[in-house]
Amino acid sequence: MILYIFYNINRTFTKGVKDMRGLTKKLISIISLVILSISLNASDLKKDEVMKISVESNGNITIYELNNSQASKELLSQLPLNIKVESYSHDEKIFYPPNKLSTSNTPLAKNAVTGTLAYYAPWGDVVMFYKDFGSASGLYELGKVVSGKEYINSMSGIIEVKIID
């Protein structure tokens with residue numbers, strides 16, 4: 001793309017500058033194409049960017065890959081966190097991020113299984129499932145475990161949640 005732009009600039013100058021208004025229009029068009037190309041490439045990178053977090057508890061690390069939802073992005077914006085984890089029911093560990101997450105553009109967790117990371121909007125807690133669960137009204141999927149799912153059940157006390165670059 002950039003070679004094409006330089007080729008057109010060179011071609012314009014080598015033909016001679018007869019009409020400055022025409023040259024100005026061409027330069028503006030070329031600059032616009034460059035800006036558009038850069039913008040499109042930047043947005044493609046963001047779409048393909050994989051967001052990962054680690055959760056450390058008792059010397060063990062669990063890694064989650066997040067989806068590209070609004071709630072996941074808002075959780076990332078609150079990291080790093082040192083926060084209390086709690087056991088809830090017989091299949092999940094939960095923690096409450098400082099700020100509630102927006103669920104717009106966030107998929108419902110239709111079938112939460114072992115390793116699913118979710119957000120329960122009615123209570124404002126992040127849920128880490130260590131057993132298969134299913135679904136519940138107000139439960140939104142944030143991501144899934146990629147390693148360390150065997151450690152979720154034993155999480156206790158203060159956990160450290162941070163972004164993995």
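Guide: Tyr88 is found in strand S4, which covers residues 86–88; helices (H or I, at least four residues) and strands (E, at least two) are DSSP runs, numbered from the N terminus. Residues are numbered from 1 along each chain as its sequence is written. This is a predicted model, where local features need pLDDT of at least 70, side-chain atom pairs count only at pLDDT 80 or more, and totals for chains, interfaces and linings use all residues, while side-chain values use heavy atoms, with hydrogens and water left out.

Visitor: Why is Tyr88 called partly exposed?

Guide: Buried means under 20% relative accessible area, exposed means over 50%, and partly exposed lies in between (1.4 Å probe, protein chains only). Tyr88 has a relative accessibility of 35%, so Tyr88 counts as partly exposed.

Visitor: What makes Trp123 partly exposed?

Guide: Trp123 is partly exposed because its relative accessible area is 42%.

Visitor: How many aromatic pairs does the structure hold?

Guide: The structure holds three aromatic pairs, where rings of Phe, Tyr and Trp (its six-membered ring) pair if their centres lie within 6.5 Å, and planes under 30 degrees apart count as stacked, over 60 as edge-to-face and the rest as tilted.

Visitor: Why is the pair of Tyr120 and Trp123 called edge-to-face?

Guide: The ring centres of Tyr120 and Trp123 are 5.3 Å apart and their planes stand at 85 degrees, so this pair is edge-to-face.

Visitor: Which residues do ring pairs link into a cluster?

Guide: Tyr88, Tyr120 and Trp123 are linked into a cluster by ring pairs.
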